[in-house]
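Here are my notes on the model you sent over. Have it open while you read, and go through the points in any order you like.

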Amino acid sequence: MENLNGYLIVSAILFAIGTIGVLTRKNAIVIFMCIELMLNAVNLTFISLSRHLGHLDGQIFVIFIMTVAAAEAAVGLALMIAFYNNKESIDVEDVNLMKW
Amino acid sequence: MFDNVWLIPLFPLIGFLINGFFGKKIKNEAVIGGIGTLMIFMSFIVSCGILMQMIGLPPEQRVFEKVLFPWIHSGNFKADMAFLVDPLSAVMIMVVTGVGSLIHLYSIGYMHGEEGFYRFFAYLNLFCMSMLLLVLGNNMLVMFIGWEGVGLCSYLLIGYYFHKKSAGDAAKKAFVMNRVGDFGFLIGLFTLYWWFGSNHNIWTINFTEIKAASHLLPYGGVVTVATLCFFVGATGKSAQIPLFTWLPDAMEGPTPVSALIHAATMVTAGVYMIGRMSFVFIKSPDTMMVVAVIGAATAIFAATIGTAQNDIKRVLAYSTVSQLGFMFLAMGVGAFWAGIFHLMTHAFFKACMFLGSGSVIHSMHHALHKGHLHDDAQDMRNMGGLRKVMPITFITFFVSTLAIAGIFPFSGFFSKDEILWKAFSNPYHGSLNIILWGTGAIAACFTAFYMFRLVFMTFFGECRINSKVKEYLHESPLTITIPLMVLGVLATFGGFLGMPKVMGALPNYLEHWLDPVFELATEYGAKYAHAGGHESHALEWGLMGLSITIAVVGIMIALTLYVKNTGAPAKFVATFPALHRAVYNKWYVDELYDFIFVNPCKAFGQFLWKGFDVVVVDGVVNGVANVVMGFSGIFRYMQSGYIYNYAFSMVLGVVVILGYYIFK
Amino acid sequence: METLFFVIISLVAIISAILVITCKNPINSALSLIMTFFCLATYYVMLDAPFMAAIQVMVYAGAIMVLIVFTIMLLNIRVNATQKHSHKVLLGSILGIFTLINTVVLLFKSQAAKPVVGGYTGEMIKNIGHSELIGREMFTTFLLPFEITSILLLVAIIGSVILAKKKI
Amino acid sequence: MSNVLSLTTFLPILGVLLLLFIPKDSKSVLRNVTLAVTLVNFLISLTILSGFQTNAEFQFIENMPWIAAGPFVMRYNIGIDGISLWLVILTTFIMPIAVLSTYTAVEEKVKEYMICLLLLETGMLGAFISLDLFLFYIFWEVMLIPMYFMIGIWGGKNKIYAAVKFFIYTMVGSLLMLVALIFLYFKGMEAGITDFGLLQFFSLKLDMATQIWLFLAFAFAFAIKVPMFPLHTWLPDAHTEAPTAGSVILAAVLLKMGTYGYVRFAMPLFPDAAHKFAPMIATLAVIGIIYAALVAMVQEDVKKLVAYSSVAHLGFVMLGVFAFNTEGITGGMLQMLNHGISTGALFLIVGFIYERRHTRLITDFGGLSKQMPVFATIFMIVTFSSIGLPGTNGFVGEFLILIGAFESQLRWWTVVATSGVILSAVYMLWVFQRVMFGELDNPKNQKLLDLNAREIAIMVPLIVMIFVMGLYPKPFIDKMEPAINKLVSQMRVAPVNAQVIPVGLPAGHPAMEAPAAGPTMMPAGHPAVAPSSDVNTEKTVNPHEAK
């Protein structure tokens with residue numbers, strides 16, 4: 001595998017974009033999607049390195065990450081719905097119950 | 001019979017349990033009172049049996065111990081629930097059960113119709129049990145059960161009319177003052193136990209064992225400390241200076257209680273205790289002196305207060321304190337048997353007087369009640385001329401008064417004279433003897449004066465009570481008068497048990513009887529006794545005559561002031577108002593104690609609570625908490641509560657840390 | 001050829017990723033994200049991991065994204081045009097870029113490491129089959145974590161049901 | 001039958017599981033099930049009592065591997081000896097009474113309350129039976145949590161403050177103890193100890209400086225729990241705010257953790273330091289006795305008064321325990337049991353009138369004897385037991401403590417402590433008088449009902465125990481005495497070391513001084529101790545020199 005660096009750089013870029021999204025957007029669903037993006041960036045790293053090193057462990061990890069992501073999606077979206085039911089908004093700036 | 005000694009305290013205990021648990025259901029006063037009286041009377045029978053058996057034995061075999069069950073055994077320390085029967089405790093159980101039975105019988109009549117009749121009898125039985133434990137205990141700890149038990153019963157019975165605040169106060173005062181004494185008792189016990197244990201490896205609090213080992217005790221030193229502590233205990237229980245103020249207040253209890261507890265039995269526990277440990281006390285000349293001086297001082301001090309009181313029971317109470325002073329004087333001058341002798345005669349005549357006063361109060365109370373008057377039934381100023389309506393009460397009371405005043409041949413004469421004679425002639429206190437004797441003699445004079453003042457004010461002259469109710473006055477019922485008569489007889493003839501040698505008409509039964517108990521003490525005392533130079537028959541006769549003269553003088557003064565020249569006391573009061581006020585207010589001792597101990601204690605407690613606990617300790621605790629709160633108040637502004645701020649900080653942290661490792 | 005393909009895919013992936021965070025309408029973001037996921041699936045195929053590509057499409061592009069789109073439509077969120085904190089964008093972007101720099105530098109710095117190479121070569125995967133290899137690993141070495149994952153999913157299901165219900 | 005101890009300890013947990021399946025609205029079922037569980041547990045604990053052999057060894061031992069993490073090896077190691085036996089029985093004895101007392105007192109969140117009670121029971125029992133230091137620590141902390149909730153949820157007006165104060169006070173102490181525990185463990189590992197088992201540590205020879213620091217850490221933790229002056233201020237607050245059952249358990253069992261900790265851990269583990277600090281601790285104990293009595297005297301709230309009286313009573317316990325002789329420690333142990341019974345009963349009594357009148361101020365009462373004769377009788381018996389009247393349980397313990405302490409080096413302390421006997425009479429009788437005697441003049445009090453059958457049933461076992469222990473304490477003393485004798489002998493080896501080691505800063509050359517001091521102070525017949533003490537001397541002294 002000669003093109004490892006390419007994959008890793010793409011992965012890094014995607015991760016950075018995800019980070020920027022998480023930090024800049026205020027729509028909770030978009031933030032959520034950005035987190036998914038970051039997770040996928042990590043997945044890419046896992047798989048490319050797995051291929052590079054000739055181990056399958058990395059890919060197994062990806063499967064677990066996907067599972068976690070799925071669970072997270074279910075719970076996270078449920079949270080958003082619950083929140084929306086209370087506040088008529090999913091803007092993270094309205095999530096301020098913990099504010100002093 | 002000796003083996004059944006445990007029955008003696010058991011009967012009253014049964015009575016207590018029956019009346020305590022079921023008395024409320026039984027309701028019938030005759031049954032309740034009957035059970036109570038019967039139980040103590042059965043104890044009396046057993047005591048008689050024991051006495052009889054003991055009389056049949058030679059003197060050196062008159063000691064018996066009965067172990068009931070092991071009580072506290074821990075390490076070196078051993079205390080069994082065990083009884084000791086010897087001549088001394090035999091005398092005591094006879095007095096306690098005998099006088100106790102009579103007073104129980106009396107109470108059936110006296111307490112008739114009272115709310116909580118069953119409660120009264122339950123307590124009375126409990127008291128008898130405790131008192132019997134006290135005198136029968138073969139070690140200090142069983143004695144201490146009784147010691148505290150009688151204090152408890154005294155508390156309960158003084159507080160019998162618990163709805164009266166004064167009764168509650170008096171009960172508490174009695175218990176607390178007794179506790180001060182108990183403190184001394186415990187320290188004395190500890191000292192003796194520790195000294196024997198650590199020096200001779202004899203770990204014991206058993207009287208017989210201590211007696212056996214008492215030759216090891218040094219003269220003075222640690223013994224002085226221990227005995228002084230024990231004596232503090234005795235002053236608490238027996239109302240001696242400085243712990244005497246509870247006894248007059250204790251008159252808040254029903255009159256039979258005053259007679260039984262605060263005259264005949266409980267208050268003499270201190271005397272008994274010194275008698276029980278005479279072989280220890282005698283080893284400390286200093287303690288003996290302190291005991292004698294305190295006894296004499298109490299005798300005269302209480303007697304002076306007694307002269308100005310108007311409440312009939314209070315006069316008797318101060319008289320009790322004063323007589324107890326005589327007993328301690330006897331103990332202090334090494335005349336242990338004389339102290340016990342006076343204890344016994346005092347039990348007879350003082351119980352008789354208290355019961356007689358109870359009879360008077362009973363009658364007065366009923367009369368006032370029927371006449372719908374609210375005058376004080378105990379105030380002598382309301383009485384007068386009662387001898388006509390209450391002849392039996394009057395005669396018994398008068399006999400007892402003659403006894404306490406020390407008129408030959410009534411019982412008090414023999415015992416008091418013996419004490420005064422020993423105070424004068426004892427070999428222990430040297431030149432102090434004259435002072436002790438003089439104080440005792442003056443106290444005897446005062447005694448005769450205030451007792452006859454009481455008699456004259458109550459029974460002689462014109463009845464000062466409202467004429468409306470005069471016809472309601474009547475003699476008390478038989479249950480009241482029978483005990484009076486029995487006690488009156490005892491008060492008259494009881495003294496013949498201990499007739500002095502010089503008279504020679506009868507042998508001195510009591511001294512011989514108690515000899516096995518006290519001979520060791522006499523032996524120890526001989527080590528430091530001065531050669532007795534005063535022992536002459538002529539002198540003894542002379543002093544005897546002198547003391548009768550003194551008593552007669554006291555009586556004459558009372559006669560002059562309260563019968564012949566009734567205006568004189570008022571004149572006297574007008575001449576010396578300050579003196580009268582001081583005496584009337586008991587020399588302000590209560591106020592002094594309040595000022596020195598009670599109030600500072602309360603104030604200090606308040607200060608410790610509000611000042612130290614809340615301000616200092618909690619101040620530190622809450623202060624630490626407040627400092628933390630203060631800082632967190634500043635730091636919490638960093639916590640905006642917005643999720644994206646936290647996310648931002650997190651990423652920043654990751655970037656910085658990663659950056660540090662990558663670029664370093 | 002392959003390099004060119006890789007570059008094209010990369011460009012598509014990055015552009016659609018940027019669209020995810022820039023689109024005003026969440027639906028557009030979601031669609032862009034799906035695009036990115038597809039690109040990633042393509043990468044997986046190129047990396048001899050067809051099974052991963054398959055579940056990438058099925059789980060991510062299929063299940064999760066459908067869930068997200070469904071939620072967006074359910075909540076019917078109006079597009080809120082005004083960004084209250086513009087400094088937030090700036091700071092966020094700077095941080096993101098720093099993250100990127102960090103990662104890339106780390107990448108080049110760690111080139112010197114010579115890791116142990118395992119036995120799963122491209123040929124072998126092609127011969128035996130990717131799914132079988134993954135399955136074999138999964139049900140032998142990683143059996144316990146696999147089972148625990150199922151519990152995790154169960155918990156997530158129960159949790160989301162309870163959370164989303166208005167009245168329990 | 002061999003694991004009856006575990007059964008006793010964890011039966012309440014089973015009860016908790018059972019309670020989980022009972023709907024929270026069926027309150028009477030919840031209460032009865034809890035009562036049944038605690039009663040069964042009491043019966044089981046009686047089989048422990050009957051199976052207990054009267055000797056000094058630990059019995060009913062269970063020892064299983066539990067956690068092995070790196071250097072730390074913790075084992076599930078439990079067992080009881082004569083010292084812990086009675087405390088276990090006391091706990092199981094008090095629990096049904098506490099549960100029964102909540103039948104009408106707690107109406108809200110009954111399920112949670114009962115769960116708290118049962119968890120608390122497990123925690124307390126576990127702490128008494130642990131022979132593994134770490135296991136002890138776990139149970140020690142487990143107790144804290146249900147108690148925190150009991151005060152914080154079902155408490156009075158100022159409950160949050162009291163709960164937090166209670167929690168933080170105890171936590172501070174126990175964290176210090178944890179540190180000391182870990183340090184001790186590493187010290188032990190150097191000497192070849194393989195796990196946290198308590199018994200191995202007894203034979204550990206520690207040098208004086210280490211002992212002092214470790215002892216202080218342990219003593220501090222336990223002193224808070226006891227509580228000793230001046231760390232006692234959490235107690236009045238916690239007691240006043242806690243619900244009745246909480247107060248009862250707190251007084252009857254939780255406070256015993258502190259004194260038990262001294263007897264089981266702090267003293268035998270660090271005998272030299274214990275000897276060194278005995279006068280200091282005795283001083284604090286005596287101050288506590290007098291101080292608490294004086295403060296109790298002026299309290300206006302009955303419950304607070306009882307709380308302060310606890311401080312005084314536990315001062316006695318500490319004095320007895322630090323007498324280091326059989327009488328004193330036996331007295332201390334008995335006094336722990338007595339205090340559990342008498343003060344528990346007092347709190348129940350306060351609870352009874354509080355339930356009726358919803359006030360605890362002394363001034364609101366007066367003359368209750370007339371209206372509530374049964375209550376008055378019971379109150380009086382308990383009052384006198386608390387005062388320590390001979391014939392009741394309070395006396396036996398107090399007397400043995402005092403006589404034990406008087407025999408030991410603490411003679412003067414004892415004299416002062418004995419005066420506490422007077423003060424206890426003052427404050428208890430005063431409150432009794434103000435509540436029960438006098439005129440029944442408050443109209444609200446004139447309609448008060450006397451105790452009902454349930455309340456009498458609660459009090460009867462306590463009253464019976466008051467007299468049994470007062471009149472025939474022999475079985476209690478006999479069972480605990482061998483263990484206490486063993487403890488005393490463990491403590492007795494120590495003074496030799498303690499005396500030889502110069503503790504202060506060395507002047508001149510310590511290594512030369514030590515042997516010079518050795519022969520003069522060392523009793524003949526202890527040659528075996530001599531070399532080790534020399535070694536210790538150097539160990540302790542050198543660090544100072546280095547500075």
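**Notes on the complex**

1. Start with Phe201(D), which is buried because 20 other C-beta atoms lie within 10 Å. A residue counts as buried with 20 or more other C-beta atoms within 10 Å of its own, as exposed with 12 or fewer, and as partly exposed in between, with C-beta atoms placed from the backbone. You'll find Phe201(D) in helix H7 of chain D, residues 198-202. Helices here are DSSP runs (H or I, at least four residues), as are strands (E, at least two), numbered from the N terminus. Setting aside residues up to four places away in sequence, Phe201(D) touches Leu184(D), Gly188(D), Ile193(D) and Leu269(D). Contact means that the C-beta atoms of two residues, placed from the backbone, lie within 7 Å. Lys187(D) is 14 residues away from Phe201(D) along the chain, and their C-alpha atoms are separated by 9.7 Å.

2. Some ground rules before going on. This is a predicted model, in which local features need pLDDT of at least 70 and side-chain atom pairs count only at pLDDT 80 or more, while totals for chains, interfaces and linings use all residues. Residues are numbered from 1 along each chain as its sequence is written, and chains are lettered from A and ligands numbered from 1 in the order in which they are written.

3. For chain C the mean pLDDT (the predictor's confidence in each residue, from 0 to 100) is 85, and 89% of its residues reach 70 or more. As a reminder, where pLDDT is low, the predicted coordinates should not be read in detail.

4. Who touches whom? Four pairs of chains are in contact, and chains A and C share the most contacts. Chains A and D have no contact, and their closest C-alpha atoms lie 20 Å apart. Chains C and D don't touch either, with the nearest C-alpha atoms 16 Å apart.

5. Chain B overall: 27 helices and two strands, with a C-alpha trace spanning about 125 × 70 × 55 Å along its principal axes. Buried residues make up 56% of its 664 residues. Of the chain B contacts between residues at least 6 apart in sequence, 81% join residues at least 24 apart.

6. Now zoom in on Leu247(B), in helix H9 of chain B. Leu247(B) is buried, because 28 other C-beta atoms lie within 10 Å. Beyond its neighbours within four places in sequence, Leu247(B) is in contact with Ala239(B), His262(B), Val267(B), Ala317(B), Thr320(B) and Val321(B).

7. Two cis peptide bonds to check. One runs from Ile241(B) to Pro242(B), with omega near 5°, and Pro242(B) sits in the loop between helix H8 (222-237) and helix H9 (246-249) of chain B. Another runs from Val226(D) to Pro227(D), with omega near -10°; Pro227(D) is in the loop between helix H8 (208-225) and helix H9 (234-241) of chain D.

8. Positive phi values come next. Asp48(C), not a glycine, has phi near 60° and lies in the loop between helix H2 (26-46) and helix H3 (50-75) of chain C. Phe324(D) isn't a glycine either, yet has a positive phi of about 60°; its loop lies between helix H12 (302-321) and helix H13 (326-357) of chain D. Are these residues buried or exposed? Asp48(C) is partly exposed, with 19 other C-beta atoms within 10 Å, whereas Phe324(D) is buried, with 26.

9. Last, a helix pair in chain D. The axes of H10(D), residues 244-269, and H12(D) come within 11 Å and cross at roughly 25°. Axes are lines fitted to C-alpha atoms, for helices over the stretch in contact, and angles run from 0 to 180 degrees between N-to-C directions. H10(D) and H12(D) are therefore roughly parallel (angles under 35 degrees; over 145 is roughly antiparallel, 65 to 115 roughly perpendicular and the rest oblique). The residues of this contact divide into eight nonpolar, two polar and no charged.

Conventions: Nonpolar A, V, L, I, M, F, W, Y, C, P; charged D, E, K, R; others polar.
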